[in-house]
Every structure is written in C-alpha cells, then in structure tokens.
Amino acid sequence: MRQRDPLTLEEERELDALERALAGDPVDYDLRHLDDLVCDIRASAPEMSPAFAAKLEQQVSEGFPAADAPAAARRRRRRFVLIPAGGCLAAALVGLVVVLGLQQQDSISTFASKPAGGEQLSDFAADESAGKAVARDAPQATPQAAAPAPSAAAAGSSATADLSRQSTSSSAARGSGDVAPARTQRKQQRSADLVLRVPNRRVQAAADNVIRTVDRFGGIIASSESSSQGRHSEASFDLRIPTQRLDEALAALSKLGNVVSRNQSLVDITGSFTSAQDRLSDARAERRGLLGALGKATTQQQIDSLRARLRNVRSQIARLNGELDALRRRADLSVVSVSVTGTEAPQEDDGAGTGGWSPGDAARDAVRVLEVIAGVALVSLAVLAPLALLGGLVALGVRAGRRRRRESALDPA
Amino acid sequence: MIWREPRSSRMNGVLIMEEPLNTSTLSFDALYRECARDLYAYVRTLLGDDTSAEDVTALAFERAYRRRSSFDARRGTQRGWLFGIARNAALDELRRRRRTAPLLGDLEDELAAAPDEEAELAVRRSTVRTALAALPARDRELVALKFHGGLSNAELAAVLGTSETNAGTRVHRAVTKLRKACHAPA
C-alpha cells in the first residue's frame, strides 16, 4: 500500500527531527518528545535470550554447517545438470553447423554431378538399345580434369567397361555377316559437352581462352554465342576438335573454369563406314563390269542399256564417296559443346583449376563456417528472444505475485 | 565508505561511541555482530512471539549466509539486504501462522519487576510497548525497521520496495499513530 500524499512542512520538520533523534543529534525543544519516543522504543526493544544468542553465535561461527551441506549438494546437483545440458547444447549447435555445412556441400556436389548421374544412365541405356556405345567422362580425361570429380571418374570407368562389352558384341554380331575390321581400323565418332562456371567478371576472358585453346589444338568454331543479362553473363561454343587431340583439348578447356559438368559420348560408326565402303567397292566392281560389257556390246540397244546402268552406278559411287567422306569427318572431328556461365559466388580456384586447398580456400571456408554460425545464432535468437521475453514477464509476474502474497500477511485478518 | 553508528551501543539515551564499522564490505561475521540484536528486535516486534522470532532470526541469518555471494553492493547496503531477507522470512511466518492458529504476543509485565525509582520510566515504556503492539502490522513493521533496525529511509525503501520519499512519509505517519496511541486513554 503506497501513500503518495506529500508531507506538509511541519510534518517534514518532524520527520527531520526524528532522523536527528535516531542519529543521536539534539532536536528542537518543541519536538523533544520524539527524542523521548526514540529512547523509549529502543529501550523497550526485545532482547535475545542468552541461550538463543549463544546458539546463534555458534551457528554463525561454524558457518551453518547443516545449512551449507544441502546448499553445496544443490550446487553440485545444479552443476551436474547444467554442465551436461550446456555440453548437449554446444554439441547440438556444432552438429547443426556441421549438418548445414554438409548440406551446403551436398547441394553443390549434387548440382555438379547431376548430369553424370541418373540422366546419364538413361542416356546410356537408350544409346545401347540403339546399338551405340556411349561413354561419359571417358578414361581419356586427364588426371587433372578428373581430379575434382572422383565420382565422375568412377562412373567413367564403368562406362568404359560397358563400352568394351558393347564393342565386342557389335563386332561379334558383324562377324556373322561382314568381315569384321581390325580394332585399329574402327571408326568412332566422339563428342563432348563441357559446362564451366567462372565469376561474372571473368566470362569474357574465359571465352577468349576457349577460342585460343581451339586454335592451339587445330580445331574450328562452328558457332559461338555470348549473352549478358544484368549481372549474369554466359557464353556457349559449338566446336570441332580433331579427335586425336580431343583429350588434350578437353583437359585444357577444363582448366578455364570450375567444371560444373563434363560429359563425353562415343558412337561407333565402323559399321556404317564399312558398309559404305563395301557398297562403294561393289559399285566400282559393277562399274568395271559394265565397262567391260560395254566394250563387248554389239547392238545399239545393248549399248544404250549399259550406258544407262553406268550412269546409275556412277551416281551411286559419287553418293557413296560423299557418305564415306562425311563418316570420315565425323570420325576425325569431334563435336565439343562448351558453355561458360558466370556466377556471383566466389570461385574456389578463381578459374585456375588447381584443385588444391589453398589458404584462400581455408579463409573462405572459415568465413562460410562463421556465416553458418551467425545464421544459427540469428535463428536461435529469433526463437529464444520471444521465449526469454515471455519468461521474463512470467518471472516478473511470479515475483510480483509472491510479493503481494507476502505483503498480504500484514493486512488485517 | 559508510560509517554506521552501532545501534546496540546506544542505551537509555546515552550514545556510546564505539569502533565504527564499514558496512559496505562487511564480512558475514561482522555483519552478524552488527545486526543480530537489531534484527531480532525487529522480527520479535513484527511477530510478537519469542519462539517464532528466534526461528525466523536464525533462518534469516542462515539464508543470508547461504546467499552471501549473491549480495550486490550496487543495489543497497548489506544491512538493508539482511533486513529484506528477514522481512521475507517473517512475512512467510505470518502467513503460515494465519493459516494455522494466531498467536498473541506475550507482553512482559515490566511494571511488576521494576523498582520504585524507575516506575515512571517503566510505565512510560510499557505504554509505548503496548501502543506499538496495538498498531496495525504495517505500521508496527515500519517502526521496528526504523527504530530497532536503524535503517535509513533509502534502506527502508529498498526493503519495502517503494521510493525513499514514500518510505519517509509512511514512517512519519506510523510514528504519528504510535504517539496518538501512547497518549490515548487506556
């Protein structure tokens, strides 16, 4: 119960005199009754009994041993609970950070390996059913290029084995009809698809490096395209690289940025090639036969008929020659598609493609860890702050209620 | 540095100067020696019962000893802190008593034991004691804290959870009531 009425001047004077009397200082004569009151009240103050005073003195001198024991036990119990709880909380936080970090890493690696995953398998199955052999991330890839994606390299090994089986089976199948050509004479059409990621500011430089690389390996650029939308830039190239130097060229191209995906395919065109060759030989033999027959022809009708057939055979030979040339070109020049995409995120190796873990990488990892920790702390704060506020309000309410209940003991019954 | 006049050294209006105590950093033992008698007098006046007063006094010192590390000098003096603990214990005792059976204060018959030459003084003090016992509990507590406990208005305010000005006002009104009760016809 608070009384907020201000004191009058006289009351303030009396209160001041009371304070002086309590302090042992002299008071005004008209207020000496306050001094008497102070003396009387103090003189009539209840005194401790000697027995109780001695008992209390002993308890104080011994440090309340009976009271201290449970307090110490309580402290131990509290420590017993708080330390594991703190440890669990810290472990949970660390675990959360690690899980978040792994999720982040998984999302990146999943993104990088996705084209070499399920999609690749389905493509492979489709190619196999069509009598083609397809290999992705072929073993020809240089170790440097294969190093950043060991899983892709493993996939490449299995694809190579499948390719060998496919080649063997196709050879065996052909052996029943045609003469199987030697392994060294096989004609294969190779193609590759490479997606690189570089910082936006390096897209143009990477595109220039692609052109220089193509020139270095004697390739040609069938088409190129570059675009820039806002802060996002990208460039794409359709290249023809001599098949004999394809592996070296791919290795060089892979160094121009972070390899997001790298796919290679191989189509065996030996059958088509030998078929065309056979048909060409047949046509040429037929032409020779027709020419011989023409020399021996006696009637004009025979001569006209043989000349018409010779025209057909010549056109057939010309068509087959063109077909063979096209097949040779497919075998000699590999189709390589290169995409360079820009990203705002900092690159791990800034296009150097070293694949190592440099101090810069460590610093970036540390920053990333700090970011995750800050994120966890922020989320925790967002959750805990309202709870703490609520808890504080509840504690205040409980405290006020307890005080009010205690104060009620002074109210008249 | 705060210097406090020891309340217990003042007897019958005669102030006996003793070694001053620094209450801002008293050890528990020194705090006990300085406050024990005053604390008991306050608790006894509030409860009106020797046995309960002894229990509550012992409990207050025990709690203070147990929580001595939690004392914060920025929030008040050790004396005020100790009286706050005692007050909580005493109020809890009052509440417990209210739930069970009320105890009546056992006023001593000082007149019977007083010599003739001190009869007038004894009568006066008996009157004061009777008037104090008849005061409402809140006023009685204020008088006990002020006169027995020797708390300043700032310490009173901290113990009662009110402002210093309000504490002074309440003390004045309690003393006024006490004076009226002393002069009221029996």
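Mentor: Let us begin with a term: a residue is called buried when its relative accessible area is under 20%. Keep in mind as well that this is a predicted model.

Trainee: Which residues of H6(B) are buried?

Mentor: In H6(B), the buried residues are B:Ala137, B:Arg138, B:Asp139, B:Arg140, B:Glu141, B:Leu142, B:Val143, B:Ala144, B:Leu145, B:Lys146, B:Phe147 and B:His148. Helix H6, which spans residues 137–148 of chain B, is thus described as mostly covered, with twelve of its twelve residues buried. After the helix comes B:Gly150, whose phi is positive, near 65°.

Trainee: How many residues of helix H7 of chain B are buried?

Mentor: In helix H7 (residues 153–160) of chain B, six of its eight residues are buried, and this helix too is described as mostly covered. The buried residues of H7(B) are B:Asn153, B:Glu155, B:Leu156, B:Ala157, B:Val159 and B:Leu160. Just after H7(B), B:Gly161 takes a positive phi of about 70°.

Trainee: What is the nearest side chain of opposite charge to A:Glu14?

Mentor: For a charged residue, one looks both at its cover and at its partners. A:Glu14, which lies in helix H1 (residues 9–23) of chain A, is buried yet has no salt bridge, and the nearest side chain of opposite charge, B:Arg179, is 4.0 Å away. If residues up to four places away in sequence are left out, A:Glu14 touches A:Leu31, A:Leu34, B:His172 and B:Arg179.

Trainee: Which residues make the nonpolar surface patch?

Mentor: The general idea starts with the helix: an α-helix has 3.6 residues a turn, so residues three or four places apart point the same way. In this structure, A:Leu89, A:Leu93, A:Leu96 and A:Leu100 make a nonpolar surface patch of about 340 Å². One of these residues, A:Leu93, is found in helix H4 (residues 65–113) of chain A.

Trainee: What can be said about chain A as a whole?

Mentor: Chain A has twelve helices and five strands, and of its 413 residues, 31% count as buried. The accessible surface of chain A comes to about 24700 Å², of which 57% belongs to carbon and sulfur atoms. Among the contacts in chain A with a separation of 6 or more, 72% are between residues 24 or more positions apart.

Trainee: Where in chain A is the pLDDT below 50?

Mentor: The mean pLDDT of chain A is 76, and 72% of its residues reach 70 or more. Over residues 108–184 of chain A, however, the pLDDT is below 50, although this stretch has 66 contacts in the model beyond near neighbours in sequence. The pLDDT also stays under 50 over residues 347–353 of chain A.

Trainee: Which element of chain B has the lowest mean pLDDT, and which the highest?

Mentor: Chain B averages a pLDDT of 78, with 75% of the residues scoring at least 70. Among its elements, strand E3 (residues 14–15) of chain B has the lowest mean pLDDT (30), whereas helix H2 (residues 50–66) of chain B has the highest (92). Over residues 1–24 of chain B the pLDDT is below 50. For the complex, the predictor gives an ipTM of 0.75 and a pTM of 0.48.

Key: Residues are numbered from 1 along each chain as its sequence is written. Chains are lettered from A and ligands numbered from 1 in the order in which they are written. This is a predicted model: local features need pLDDT of at least 70, side-chain atom pairs count only at pLDDT 80 or more; totals for chains, interfaces and linings use all residues. Side-chain values use heavy atoms; hydrogens and water are left out. Helices (H or I, at least four residues) and strands (E, at least two) are DSSP runs, numbered from the N terminus. Buried means under 20% relative accessible area, exposed over 50%, partly exposed in between (1.4 Å probe, protein chains only). Lys and Arg count as positive and Asp and Glu as negative; His and the chain ends are not counted. Contact means heavy atoms within 4.5 Å. Patches are made of residues with over 30% relative accessible area and no salt bridge: like charges are joined within 9 Å, nonpolar side chains (Val, Leu, Ile, Met, Phe, Trp, Tyr) within 5 Å. Accessible areas come from the Shrake-Rupley method with a 1.4 Å probe; for residues, only the protein chains shown count as cover. pLDDT is the predictor's confidence in each residue, from 0 to 100.
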